[in-house]
Amino acid sequence: MEKMIYLDNAATTRVSEAVLDEMLPYFRQTYSNPSAIYGFAADSKKAVDKARQQAAELIGAKTEEIYFTGGGSESDNWAIKAAVEAYSSKGKHIITTKIEHHAILHTCEYIEKQGCEVTYLDVDKNGKISLDELKKAIRPDTILISIMFANNEIGTIEPVEEIGKIAHENGVLFHTDAVQAYGHVPIDVEKMNIDMLSASGHKFNGPKGIGILYIKKGVKIRSFIHGGAQERNRRAGTLNVPAIVGFGKAAQIAGETMTERIEYEKKLRDHIIERVLSEIPHTRLNGDPEDRLPNNVNFCFRFIEGESMLLLLDQAGICASSGSACTSGSLDPSHVLLAIGLPHEIAHGSLRITLSEETTLGEIDYVADELKKIIKRLRDMSPLYEDFIAKQKGE
Ligand SMILES: *Cc1c(COP(=O)(O)O)cnc(C)c1O
């Protein structure tokens, strides 16, 4: 198999040519520390300012509300841990969901050990929270609601604007992990009442190891990394100028190409959904059919063991995933698929395909053809499937 088909863009994306070109001079030519005094430092400082503006513009934020971090996980950790610290006089209760990324869930487990209380909201069969349950979960001591913008496994987009409204009517801060949404779908932090937002460069054709935390002006939040005065005293450490420049450029391009890209990805997405559901029996689409990321497809195939399917896809030159990159390698089924109510044996047969603007219709058709063969082959070897067929024939 000479050609590789990369369909794991929710795990990470390729740095685009334009982004790399923008970054390269900041390694060897303009390598100055932006905090220094001399003129040579002003060039990298200017580049950082420009990137901050580009990062802000994409979500309707003010430039000074953007803080560069080491990635999505850091932004999520910072938002939760620092909010808990800064608002501890008001209370120690936070609300999140059962389908968050582990950067949120494991941080919540950590703060529970520190004496906080966390409510984990259920989701419905499509992966959406209930706004009524959210309202009921709010208490006088609730300080933070952290709900993801879009799920990284099943692609469901949460009702963010309504969540923000409820948070603000109740005087509670609203943080959203928008790592899968930033650069992929329109976000307006003002209109959506978002107080804090996490995003990550490598999920939208920027470099790895760089992210942002948007912190609305007026939100009290402690610094997370202590040291120098970088990022207005809130996140110490010499700025990663090339990566910051790359983040900004990727944000700019994402904004300029978003409308077209969404339309294109949706067309491919709906094509593969249509083909797989109609051509492969005992298959289920996971995630909301309407409110879902334009590049996300997630199926469960009954009587299939996910790992075997992924290995056979790999042999056919197709990179896909069973859920999130962080859970593959472990034998537990995805917490997201369990939260939408799938039984273990069905959750085990999951496949996530995440497209990019480089994906072609030809590739998608090839994947559907291969998948059909692979599923048939695996089912033909499965005793469970054999039993099922025998029962269907009725003996
Ligand atoms: C990838 C991802 C993260 C982690 O971002 P990193 O930059 O890889 O640390 C957090 N949340 C979601 C929803 C993600 O998809």
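This short talk describes the ligand site, a surface patch and the salt bridges of one structure.

Good morning. The structure is a predicted model, in which local features need pLDDT of at least 70, side-chain atom pairs count only at pLDDT 80 or more, and totals for chains, interfaces and linings use all residues. Residues are numbered from 1 along each chain as its sequence is written, and side-chain values use heavy atoms, with hydrogens and water left out.

I begin with the ligand. How many residues surround the ligand? There are 13, and the closest are S73, D177, Q180, S200 and K203; a residue is near a molecule if one of its heavy atoms lies within 4 Å of it. By class, this shell has 2 nonpolar, 8 polar and 3 charged residues. Here Ala, Val, Leu, Ile, Met, Phe, Trp, Tyr, Cys and Pro count as nonpolar, Asp, Glu, Lys and Arg as charged, and the others, Gly among them, as polar. Helix 4 (residues 72–86) gives the largest share of the shell, 3 residues. Helices (H or I, at least four residues) and strands (E, at least two) are DSSP runs, numbered from the N terminus.

Next come the polar contacts, pairs of N or O atoms within 3.5 Å; within protein, one must be able to donate a hydrogen and the other to accept it, and residues adjacent in sequence count only if both atoms are side-chain atoms. A polar side-chain atom of D177 lies 2.7 Å from a nitrogen atom of the ligand. For Q180, an N or O atom of the side chain is 2.7 Å from an oxygen atom of the ligand. For H202, the corresponding distance to an oxygen atom of the ligand is 2.9 Å. On its own the ligand has 380 Å² of accessible area, and the protein covers 87% of this. Accessible areas come from the Shrake-Rupley method with a 1.4 Å probe; for residues, only the protein chains shown count as cover.

In helix 4 we also find N77. Is N77 buried or exposed? Its relative accessible area is 17%, so N77 is buried; buried means under 20%, exposed over 50%, and partly exposed in between (1.4 Å probe, protein chains only). The side chain of N77 reaches the backbone oxygen of S73 at 2.9 Å, and a polar contact of 3.3 Å joins the side chains of N77 and T107.

I turn to the salt bridges, of which the structure holds 25. A salt bridge is a side-chain nitrogen of Lys or Arg within 4 Å of a carboxyl oxygen of Asp or Glu. Side chains of opposite charge can pair when their charged atoms come close.

One of these bridges joins the side chains of K3 and E363 (2.8 Å, N to O). This pair links distant parts of the chain, 360 residues apart: K3 precedes strand 1 (5–6), and E363 is in helix 12. K3 is partly exposed, with a relative accessible area of 44%, whereas E363 counts as buried at 13%.

In another bridge, the closest N and O atoms of D8 and R352 are 3.0 Å apart. D8 is in the loop between strand 1 and helix 1, and R352 is in strand 12 (residues 350–354), 344 residues away. Both D8 and R352 are buried.

E231 and R52 also meet in a salt bridge, at 2.7 Å, N to O. Both residues, E231 and R52, are buried. Finally, salt bridges that share partners join R275, E279, D365, D369 and K372 into one network. Within that group, D369 lies in helix 12 (residues 361–380) and is partly exposed, with a relative accessible area of 37%.
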